[in-house]
Amino acid sequence: MGRKEGRKEGRKEGRKEGRKEGRKEGRKEGRKEGRKGEGRKGKGKEGKERGRKEGRKEGRKEGRKEGRKEGRKEGRKEGRKEGREKEGKKERKERKERRRKKEKERKKERKKERKKERKKERKKERKKERKKEEGRKEREGKIERKKERKKERKKERKKERKKERKKERKKEKRKGRKEREGKIERKGRKGTEGRKEGRKEGRKEGRKEGRKEGRKEKERIGKEGRKEGRKEGRKEGRKEGRKEGRKEGREERERERRKKRKEKKRKEKKRKEKKRKEKKRKEKKRKKRAGSRAFREGSGGGPSWPTFPACSATARWPRRHGGQGEGPALPHGHQRRPSLLPDQPGRPPLPPAGEGTGRGARPARRGPQFTCHIPFPPTPQLPFSVIGSLNGVHMFGRNLDVGLASARTEDSVVVWKTFHDSITLIVLSSEEGASALSLERLLELVFGAMVLLIGLEELTDIRNVERLKKELRACHGLIDSLLCESERVGDLTQCVDCIVSPDGPLLQEALSGFAESVGAAFACLVAGGRVAAGTPGWWRLAAPESILLPWLLGTLPPHSARDYPVYLPHGSPTVPHRLLTLMLLPGLELGLLCGPGPALAQFTPQLLDRWWQPLLEPLRACLLLLPRGLPPSLTLAPAILGLLFVHLEQRRCLFTVQPGGPAGEGPAPSQRRKLLRWWFSFVTAEHFAAEPSDGCPAPSEAGSGPTPALAQPRGCYAVSQGGHKLFALRAGPRRLLLLLAGSAPTHGLRALAARTLQALTPLL
């Protein structure tokens, strides 16, 4: 019995001691793991401190940037206020005017810069797309790297777990010996559970507290850093803004001073130049008085125009270029009329009231008036009261800054146009179908003819009116031909009248070779005032000279050769060129536009025979094309009574009122021309707007004007009072206008015009 009781007591005591030892060991291990958790909490504190530092840096940077911006703005405002207070009221007004001018210039520059920026933005977008693609590739590479890193981490974790399991197995083996006795089993279990719970709780608490404290400190430190950065940035920005404002004020003052100095210098130069010019004018007047009196007594009050021999004709250069100032002879069949002034005796009597006047153009200027007369058909002279009232109305409106362009009555149209603030041309027409568009283009050609034969200097800087009147007599023939009816339409279309020869390539090759051999870049073949062939340089001439030069060749009297001085209204209005003409056949002339060389004597008969004798039959064939102007192989519908075909880009046109040969049934050729001219001016003003590339000015016809570009029709037709039909077709740069017989069906006009356009397109 004693042994059993002793065993029981021993077992109880052993259990108590095992429990105590197990608790102690569990507490020790729990404390160790808790210490590890506290160490992690310490890491959280380091993260807090790093977050604080980073927050302070970012806050200071952002605060400095914002403070600098605000400080610069405030500093500039303060600097400008200080500069404005120093300046007076006058300087402020001048600055406002300068700023307005600068704003206008800046707007223009901004438009240019916007275009450049758009290009740059396109390039940037392309670069961005490339960068996006590269970024995508890099992201894909990063994602793959992350995946690889995760795999490596998983492998490392697995290895650590295996190691931990091995350690635990060893521990379990060691503990197994104690667990056999029963005492150590409870100790081991309680110790492991305490360790696990201590680890988990320590980790969770340390993470939560570290995150919360780090966020709070970041926000607080960031706010403080921003405030400090803003204050510092404002101070720095104000200082910089004041400095910049002062510099800008100084620069503006210096610019104003420089401009004032330049203006003073310019005014002084102008005054000196005016004084010099006045002195020169007075000296010239004194010297020319004696010579002009002797000239008037010897010549009877006007210059004697030279008579050209039958073989050749030359024209002398103007006085200011070293010549004697003689002009060309009038066209064959024309008689020159003197300029009748109101105070000149012999002025024809005034027509009765209510009688209409014909078509005429006159240049008007303050003081004496000039008139251009039409030799045939004869028309009554305009009354001086009408001339004075037309000029007075225009001058009255001009003084009030009102531009008077055109006016229309029941039976007439009046158009005014001023050129270079020097000469005003007035045209009045009572013809049926006259429009402001046609008359305005007529005035432009009239002024171009004056510049072509006299030069722009004589028209803009008028020193002696009587001398100018004498020099303008050289233009009467060309201006009369523009006012009279003709078989050409270039004065209205502002395109070159052409004829199409079946041997055009041969003539073109011969003309180009002849021009190269002579050393001239501008050459053409003219038949009856129409161009049959031209060099590339000739077709590059601008609209006024390219139209007027062939027109001039068609109006001059026939001569075998000429050396004629001309000015180019667009290309060279102040420096004269030489227009050489050679007659190959009666009615067919070769024109060359050149400088000082070659001489007229260089064009020997042997040279002409070598180039043009083999092409004698093609040249004769060109003359046979007149007045039709179309190749014989081209057959048109019999219902077509006349056509006008215009190419706006090439500035060429084909015009004929006898498409099928001599005029048979239907209206007379003159009536056909009037109808087609009216139809072209009406269609251009109302339906087909002038394109920027064609070189034609926008129509100024009173009324609604041309329709917008998006609403322009492709075709239109009309019916005249006589029952004849008119049709117009637009196809790109080409315009086709047809005059058709009244029997032509209306529903077939478009198809007929389309077929005709298809047949004429290879020609131009």
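Trainee: Among contacts in the protein between residues at least 6 apart in sequence, what percentage join residues at least 24 apart?
Mentor: First, a heads-up: this is a predicted model, where local features need pLDDT of at least 70, side-chain atom pairs count only at pLDDT 80 or more, and totals for chains, interfaces and linings use all residues. Residues are numbered from 1 along each chain as its sequence is written, and side-chain values use heavy atoms, leaving out hydrogens and water. Contact means heavy atoms within 4.5 Å. Among contacts between residues at least 6 apart in sequence, the percentage joining residues at least 24 apart is 67%.

Trainee: How many helices and strands does the protein have?
Mentor: We go by DSSP runs, numbered from the N terminus: helices are H or I with at least four residues, strands are E with at least two. For this protein, that comes to 16 helices and 16 strands.

Trainee: And what percentage of the residues count as buried?
Mentor: Buried means under 20% relative accessible area, exposed over 50%, and partly exposed in between (1.4 Å probe, protein chains only). The protein has 764 residues, and those counting as buried make up 38%.

Trainee: Is helix 5 roughly parallel or antiparallel to helix 8?
Mentor: Helix 5 covers residues 436-454 and helix 8 covers residues 476-483; they pack at about 160°, with axes 9 Å apart. Angles under 35 degrees count as roughly parallel, over 145 as roughly antiparallel, 65 to 115 as roughly perpendicular and the rest as oblique; axes are lines fitted to C-alpha atoms, for helices over the stretch in contact, and angles run from 0 to 180 degrees between N-to-C directions. The angle therefore makes helix 5, relative to helix 8, roughly antiparallel.

Trainee: How does helix 8 lie relative to helix 12?
Mentor: Helix 12 is residues 543-555, and helix 8 packs against it at about 100°, with the axes 10 Å apart. That angle makes helix 8, relative to helix 12, roughly perpendicular.

Trainee: Which residues of helix 12 make that contact with helix 8?
Mentor: The contact residues divide into five nonpolar, two polar and no charged. From helix 8 come Leu478, Ser481 and Leu482, and from helix 12 Leu548, Trp551, Leu552 and Thr555.

Trainee: How many disulfides does a search of the whole structure find?
Mentor: Cys495 is buried, with a relative accessible area of 1%, and Cys594 is buried too, at 7%. A disulfide here is a pair of cysteine sulfur atoms within 2.5 Å. The number found in the whole structure is zero.

Trainee: Which residue does a cis peptide bond join to Gly597?
Mentor: Look in the loop between strand 11 (588-594) and helix 13 (605-612), where Pro598 is found. Omega is about 5° for the cis bond joining Gly597 to Pro598.

Trainee: Is Asp421 buried or exposed?
Mentor: Asp421 lies in the loop between strand 4 and strand 5, and its phi is near 55°, a positive value in a residue other than glycine. With a relative accessibility of 65%, Asp421 counts as exposed.

Methods. Ala, Val, Leu, Ile, Met, Phe, Trp, Tyr, Cys and Pro count as nonpolar, Asp, Glu, Lys and Arg as charged, and the others, Gly among them, as polar.
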